[in-house]
Number of protein chains: 2
Amino acid sequence: MTAPTWVRDLLPPKVAGPDLLAAERAGSVVDAAAIANMLYGPDVLAMRSRVEATLIAQHFDDKLEALPSLGRMHKIEQSLARGKSLKHLRKVHSWSPEEYSYSSTASGEMNVYGLHDKAFIKCLTDQTTDEQKAAFLVPAQQDKIIGCYAQTELSHGSNVRGLETTATWSPHDQTFVVHSPSLTASKWWIGTMGRTANHALVMAQLIVKGKNYGPHTFVVPIRDLATHEPLEGVYVGDIGPKFGYSSMDNGFALFNNVKIPYINMLARFQFVDPQTSEYKRRGSQALVYGGMTFLRVGIAADAATTLARAVTIAIRYAAIRQQFADEDSASQAETSVLNYSMVQYRLLPLIGTAYGLQFAAEGLRGLYGRYDSLLGGGDQAGAEALLAELHVQSCALKSHGTTISVEGIETARRACGGHGYSHYSGIGHLYSEMLPSVTYEGDNYMLTKQVARALIKGAKAKSAMFADYNPSAKFDFAKDVDIIKAYGHRVAFQTFQIIRLRDTGSTWNALLIPFWRLCTAYAQFIIVREFHDALARLPAAGVPTQTSAVLADLFRLHALTTFDNYASEFADAQAVPAALRDGVSRQKAIADLLSKIRPHAVNLMDGWAFSDLVLNSSLGRSDGKAYESMFRRAAANPVNTLTFDPRPESSVLIKSRQAVAKL
Amino acid sequence: MTAPTWVRDLLPPKVAGPDLLAAERAGSVVDAAAIANMLYGPDVLAMRSRVEATLIAQHFDDKLEALPSLGRMHKIEQSLARGKSLKHLRKVHSWSPEEYSYSSTASGEMNVYGLHDKAFIKCLTDQTTDEQKAAFLVPAQQDKIIGCYAQTELSHGSNVRGLETTATWSPHDQTFVVHSPSLTASKWWIGTMGRTANHALVMAQLIVKGKNYGPHTFVVPIRDLATHEPLEGVYVGDIGPKFGYSSMDNGFALFNNVKIPYINMLARFQFVDPQTSEYKRRGSQALVYGGMTFLRVGIAADAATTLARAVTIAIRYAAIRQQFADEDSASQAETSVLNYSMVQYRLLPLIGTAYGLQFAAEGLRGLYGRYDSLLGGGDQAGAEALLAELHVQSCALKSHGTTISVEGIETARRACGGHGYSHYSGIGHLYSEMLPSVTYEGDNYMLTKQVARALIKGAKAKSAMFADYNPSAKFDFAKDVDIIKAYGHRVAFQTFQIIRLRDTGSTWNALLIPFWRLCTAYAQFIIVREFHDALARLPAAGVPTQTSAVLADLFRLHALTTFDNYASEFADAQAVPAALRDGVSRQKAIADLLSKIRPHAVNLMDGWAFSDLVLNSSLGRSDGKAYESMFRRAAANPVNTLTFDPRPESSVLIKSRQAVAKL
Ligand SMILES: Cc1cc2nc3c(=O)[nH]c(=O)nc-3n(C[C@H](O)[C@H](O)[C@H](O)COP(=O)(O)OP(=O)(O)OC[C@H]3O[C@@H](n4cnc5c(N)ncnc54)[C@H](O)[C@@H]3O)c2cc1C
Ligand SMILES: Cc1cc2nc3c(=O)[nH]c(=O)nc-3n(C[C@H](O)[C@H](O)[C@H](O)COP(=O)(O)OP(=O)(O)OC[C@H]3O[C@@H](n4cnc5c(N)ncnc54)[C@H](O)[C@@H]3O)c2cc1C
């Protein structure tokens, strides 16, 4: 189908998109470039541009365009192709780990090497002896072996102790025998396992002389290095279609008494003495937890970035989407939907959420850095003390951060009206790919238990935030520090309340709901605290005063909307200032902040410096040419190659297939 | 890949799924069959079984299995094939409209004839003269012409008055000229238009003698009946990939001065006099609104059913999914996750939401019935009075009902842990297909404006719910009627508050947020009221006392959890009983209800009588064989036909393709 001349004459459309975005940018004092520098630093920004230029030179943008219309068979094949290209480019351009990692982010859905590059190599790095590093880590880094991380089973996920797969020590030939005693023991959900990996890190119950020592990790070859066929005794495959992640081959595997050599049990922290068959531990167990902490902070940071991508798109589109005239104005001209208070109420607080999450993740990274240098300096006790803090904060931030990120992404999508549902919005895809993060690396509800228990321990030990608790404290929200105090007050109140409930006979089971509320309250506290701390660092990071002032308003908007949404919990905790006791006054305060921030919405999101390649969105294009982009992409989409025979009585489905011309 | 013997020996797995479900069913006094009879009646249940048997005989279940792995090209082709089969079966089995409609529901994603069967025919039925019925409706009903409903444009959706497409009356040859003056005038999102339809009902600004009479509907031929190629002056195609609805060809269309005959303007309610070129109205304009009301009630009913499907799956799976032992118990045996208070808190209120929405939709259908018979009896004034009521209630229920349905579906999916993300859960797909209902047929936020305005009008006219308002009323939640009164009280309070805000200078724009809150409060009021009314009808509908008692508890759980979630709004309205003023006491009351309802969860959802064909879910199978089903489907999924070459340096992607054997 070639477009007739009269259609081509309508292009480019005479709409105000580009002008409107330009006006938004000119009308704000917020310095987007300064924010970008503060968030990433000039080196990272330069690195990103470099990698993106390479990807565009290799037509990765065109490949991205084709992706959403493909079925799983093609997607998974393309995913392998994309993965190979990136590994090739890494070699050619001598990419650093950061460059390679960014190339994967910028090239769309995670490719089939994803879990090899991340989980497999990370786990080998952390948990192997030097000898094992030579045997497994080095070939893995050179991609000579491709691996995955196989913990979850068909019937066990959260309860790792309940895994059924066994690895039985066989002293006579110094091997382990890996076995799946039942169908439900099948490994399941294992990324990169379905079609790609030839090795798996298998979590299995270690059995030595009839005794079960609990889950341990083993390197298990699963496919032949030459033929790539499953090895004898291994039944492995892809688990089928999913809500998203179609480019990933999440897999299953059953093992039938598979023998692996002694060296294949990861032995940095524990091992079986090959001579005596004794089970032994060595080194600091805390280190293992340190790694998991780092992973969770990484997920929280991803939650921030992904939310920010969705919000960037929605804000830009809301600035150029005009619908109805303002009823209060005399003008008949349609107004940008971003001028409607309801749209502002839906979108602007999300800008704050994204920044808040980002600052909180950065704050935790800083804490991790201190922990790491204490460890490096040999202060193991100091490191372990920090680790407890890191653990509870990272669990809370992962749990609550991914929850609000996913929710915010969907709010952003809906704010785009019908076009939000088009793939060309660039938002739906963010949602599907972010969604499983509420489940993996600790189901968000399971994590709340760990957080609550740690807080109860802290309260009983009278740690800082509990020692300071004064039930009759008063808060004045005109002072930012009081806002943070009120958030902390609520955490302490809820913790003490739970202790009282337990003391008066509540079962642990009944406490799960208060635990979840407490974890939420605690995560919200961390976010406002870290947001506030970050504000103090802005001048040093080169952010101009006027920009900082807007970010400070954003902090208040975030803190106040969250406060309003949880008003009855704050009320129970007696943490509500008299001036904000009823809804109308809280909403008045929020409305004032919305008006103050409205003019800066576009620039605040420009500050995240997402390129058009990364956004891959017609609605969120940096030049405002949303409609033109939608139209061109729609016209060229492959479904338009099909000419139907729509008559129900005809058995012909497709009368003809003709190429479509790009407009 | 054929599975080795040792794998086949693991089948069927020795897990408790079937036993656990059987025990749930035996352990509850709730009579699921009686509920099903009450919800649908025996005739509908028999009709559904009949249609499903026909579909299964035609292997529709196998076709459903293949669907999720397909790309858009194949999906759209399969969609046409599925649509043709259903139309063929309709003829062969002389299906009634209800049977045909159910066949579409039971056969998976909406097929490409969807908007022809629904919107096109419905609109022609409602808005045509007798002459037009002969010309368009009859051939449409016989599928001789295939149509779609084309209102939305690239740059206008909610603001229908802002549409750009024009239809200009040409008196000299008595035609209308349909024209798209710009690119953004392109029709967009039009279901069935992309590849299938040869006609469109086009909403366009009617221009007569230079005067714009606003949007009217015109029948516009768009593709040649013989060749199915676009007609001269029409540029039409599919709009590309979306978040869901991949089996539907939502389309775009531009018109270049396309001439259509006089008869093609839908003329039941308005027409251009062909002699004088005068614009004239006739008949009751109210009728047009009646149809839209009915449509919205239908969407709310769909929201209930779709939510119930997701909840059925999640409840059954939570009953058989065992993870961890109960910490309060001495036993080490793992327990069903449905026994955890947190899982109950997430899932059981959703059972109530589904029932509440269903009863509310039924209640509105009853109201519509009364309206219809008033009209039929010639009482136009009476009918129009009811219509106002129908309008506000249906807007509120559509807006809030679809919002909570979509939210509940996702909560149900998450409750299934990782497996919820698999397509085999059967939930993700419900989410993607339900999702756009928050946007179409009136964006949910836009509808809140209409509801609020109607309530303000009601308050000023002192209609019943406002006349009774007593600011200092007290509520005792031990009495169910007081619960409903408290919900009504909150609606009145918020309405009066808005009137006060407006009187003291609030702009309309600033009021959009309180409007949205008010609409939510009002919808929640309707749902609890209708739920409560339905309880009174249960004995007459043959529901046994013990079952009714559980449904009454479910009503209280629904009302109380909603109340708790909006506690600060109820507090502002002074509608909180003293005994429920703090969170702990509310949560205690909720916990008590959760425990009471827990034993009946499976039966309460069995009452909805969804067949395994309709659920299409491994996790929610009625026989509890979740794991076995997951495993068999995974093993047979087409991605397992591909053998990769995973070596990055190799340019080969797929080494071989081999059929996989079903297990
Ligand atoms: C896209 C994706 C990729 C993945 N990749 C990998 C991978 O590469 N490697 C790997 O090993 N795994 C992987 N997983 C698996 C993932 O780690 C698990 O799904 C996760 O750990 C949750 O476990 P589960 O699915 O068994 O849920 P379950 O533990 O069965 O939980 C089911 C439900 O019960 C609730 N529940 C369970 N126990 C309790 C309790 N005690 N109290 C209250 N509520 C409870 C949960 O909150 C949840 O709602 C992946 C999962 C997904 C979705
Ligand atoms: C799957 C799907 C199928 C569809 N099928 C059809 C079809 O067959 N035929 C057809 O004609 N159309 C169809 N539509 C289009 C649908 O009817 C529109 O998307 C819908 O009417 C919303 O309009 P919009 O997309 O233009 O949103 P907009 O009106 O542009 O709204 C964008 C955003 O601005 C907000 N907003 C707009 N105005 C205001 C205001 N005054 N105050 C406050 N907020 C405001 C909205 O809440 C929304 O968040 C379909 C859409 C979808 C997603």
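**Exercise 1.** Is A:Gly191 buried or exposed, judged by its relative accessibility?

*Solution.* This is a predicted model, in which local features need pLDDT of at least 70, side-chain atom pairs count only at pLDDT 80 or more, and totals for chains, interfaces and linings use all residues. Residues are numbered from 1 along each chain as its sequence is written, chains are lettered from A and ligands numbered from 1 in the order in which they are written, and side-chain values use heavy atoms, with hydrogens and water left out. With a relative accessibility of 8%, A:Gly191 counts as buried, where buried means under 20% relative accessible area, exposed over 50% and partly exposed in between (1.4 Å probe, protein chains only). A:Gly191 is placed in the loop between strand E4 (187-190) and strand E5 (199-208) of chain A, strands being DSSP runs of at least two residues (E), numbered from the N terminus.

**Exercise 2.** Describe the surroundings of A:Thr152.

*Solution.* A:Thr152 sits in the loop between strand E1 (147-150) and strand E2 (166-170) of chain A, and A:Thr152 is partly exposed, its relative accessible area being 26%. Apart from neighbours within four places in sequence, its contacts (heavy atoms within 4.5 Å) are A:Gly157, A:Ser186, A:Lys187, A:Trp188 and A:Ile190.

**Exercise 3.** Find what the UniProt record says of these two residues.

*Solution.* In an unreviewed entry, UniProt lists A:Thr152 and A:Gly191 under "binding site". They cluster in space, with a largest C-alpha distance of 10.7 Å, although they are spread over 40 residues of sequence. Such annotations may be inferred rather than shown by experiment, feature names are shortened, and positions are given in the numbering used here.

Conventions:
Helix = DSSP H or I, 4+ residues; strand = E, 2+ residues; numbered from the N terminus.
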